[in-house]
Amino acid sequence: NRMTDLMQDADLYTEAATLQFFSLFVPITLLLPLDIVAEIVYYASIVERMFHNTAHYYYDTLTKHIEAKLDFYDGRVLVVGHSLGGSIAKIAGATLNIRAFAFNSPGLLFSRRKFNLDRDQIDSTAVNVAMRNDIVSEIDRLGGTIHHVDCPSDSLITCHRITSVACEFHDKCKFAGRQQLDCSNLT
């Protein structure tokens with residue numbers, strides 16, 4: 001359900017996004033060390049955690065599911081997600097110390113204390129693919145490995161779509177002999 005996902009996004013990133021908004025006027029996120037920004041986000045989230053803790057529902061559920069499968073797959077697990085799914089994949093990946101690939105998802109560095117993560121966990125597990133002009137990738141700050149790819153459009157919505165990322169990879173990587181993707185409707 002899109003509305004549930006939107007509410008989950010807001011629940012996960014309200015504090016970081018609010019701090020970034022205020023940084024448009026006073027560049028707090030640029031002037032303060034990253035650890036201080038993470039502390040501000042953490043303490044701003046205390047009130048939310050006192051009344052409800054729904055933010056943990058999505059990534060706790062995924063983390064428990066993956067944890068139950070790790071032995072079966074001899075620890076060879078990779079988590080992949082787009083947008084909110086990418087954030088959840090990165091949180092679960094950092095928690096379990098497994099690689100997580102995220103496409104056009106918000107970062108975790110400002111919110112890492114809120115999610116009980118440290119920077120080393122994020123940097124050693126997260127792989128981000130962020131399309132230029134994607135506004136969602138600008139929420140919070142990306143950590144780990146970051147790959148920027150071009151967007152075939154000026155539309156913020158088009159640049160956020162996973163199909164735009166797939167078409168850009170398909171175009172740049174020249175998958176010889178593979179089925180061609182129809183990317184004509186993305187501009």
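Reader: How many disulfides does a search of the whole structure find?
Author: The search finds 1 disulfide, meaning a pair of cysteine sulfur atoms within 2.5 Å. This is a predicted model, where local features need pLDDT of at least 70, side-chain atom pairs count only at pLDDT 80 or more, and totals for chains, interfaces and linings use all residues. Residues are numbered from 1 along each chain as its sequence is written, and side-chain values use heavy atoms, with hydrogens and water left out.

Reader: Which cysteines form the disulfide?
Author: Cys-151 and Cys-159, with their sulfur atoms 2.0 Å apart. Their link is left-handed, at -100° about the S-S bond.

Reader: Is Cys-159 buried or exposed?
Author: Cys-159 is buried, at 0% relative accessible area. Buried means under 20%, exposed over 50%, and partly exposed in between, using a 1.4 Å probe and protein chains only. Cys-151 counts as buried too, at 15%.

Reader: New topic: where does Ser-23 lie?
Author: Ser-23 sits in the loop between α1 and α2; helices here are DSSP runs of H or I with at least four residues, numbered from the N terminus. Ser-23 is buried, with 12% relative accessible area.

Reader: And what does Ser-23 touch?
Author: Leaving out residues up to four places away in sequence, Ser-23 touches Ile-28 and Thr-29, where contact means heavy atoms within 4.5 Å. The Ser-23 side chain also reaches the backbone nitrogen of Thr-29 at 3.1 Å.

Reader: What about Phe-25, buried or exposed?
Author: Phe-25 is exposed, with a relative accessible area of 59%. Phe-25 is in the loop between α1 (2–22) and α2 (28–31).

Methods: Helices (H or I, at least four residues) and strands (E, at least two) are DSSP runs, numbered from the N terminus. A polar contact is a pair of N or O atoms within 3.5 Å; within protein, one must be able to donate a hydrogen and the other to accept it, and residues adjacent in sequence count only if both atoms are side-chain atoms.
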